[in-house]
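Okay, let me put this one up on the screen.

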Amino acid sequence: MAAHISASDLEQKLKTELEAIHVEIEDKSDPGCQGGKYLAIIVSEKFQGKSLVQRHRLVNGCLAEELKEQIHALSMKTLTPEQWQKQKEQS
């Protein structure tokens, strides 16, 4: 497995390719391992009107090359700006 991608590089790619207004990436890799385990929160207008599966496919398509060798596991929460705002108001 190639060296894993950094959380900041992942964040930048998602912001650019998905035109995301908010991206949070948490590196959940085990210490001492090659890594590649991430938790992502992604907020984009591109998710509007799409099912959860369609949203995840958009993200997976964006990260296709990285998923081949640099990302071992990716958990994601995909939200529209409206859903993100509602979630922030509830917390």
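**A walk through the model**

Before anything else, a reminder that this is a predicted model. Let's begin with a loop. Between H1 and S1 you'll find Glu19. Glu19 isn't a glycine, yet its phi is positive, about 50 degrees. For context, most residues other than glycine have a negative phi. So is Glu19 buried or exposed? Exposed: its relative accessible area is 56%, and the cut-off for calling a residue exposed is over 50%.

Now the inside. The largest nonpolar core has 17 residues. Which of them touch the most other members? Those are Leu14, Ile42, Val59, Leu63 and Leu74. At least two core residues come from each of these elements: helix H1 (7-17), strand S1 (22-27), strand S2 (37-43), helix H2 (52-62) and strand S3 (73-79). S2 is the top contributor, giving 3 residues. As a general point, nonpolar side chains in soluble globular proteins tend to be buried together.

Leaving out residues up to four places away in sequence, Leu63 touches Leu10, Lys13, Leu14, Ile71 and Leu74.

Last stop, His72. Click on the loop between helix H3 (64-69) and S3, and that's where His72 sits. His72 counts as exposed, at 55% relative accessibility. From there, go 12 residues along the chain and you reach Trp84; the C-alpha atoms of His72 and Trp84 are 27 Å apart.

Key: Residues are numbered from 1 along each chain as its sequence is written. This is a predicted model: local features need pLDDT of at least 70, side-chain atom pairs count only at pLDDT 80 or more; totals for chains, interfaces and linings use all residues. Side-chain values use heavy atoms; hydrogens and water are left out. A nonpolar core is a set of buried Ala, Val, Leu, Ile, Met, Phe, Trp, Tyr and Cys residues joined through side-chain atoms within 4.5 Å. Buried means under 20% relative accessible area, exposed over 50%, partly exposed in between (1.4 Å probe, protein chains only). Helices (H or I, at least four residues) and strands (E, at least two) are DSSP runs, numbered from the N terminus. Contact means heavy atoms within 4.5 Å.
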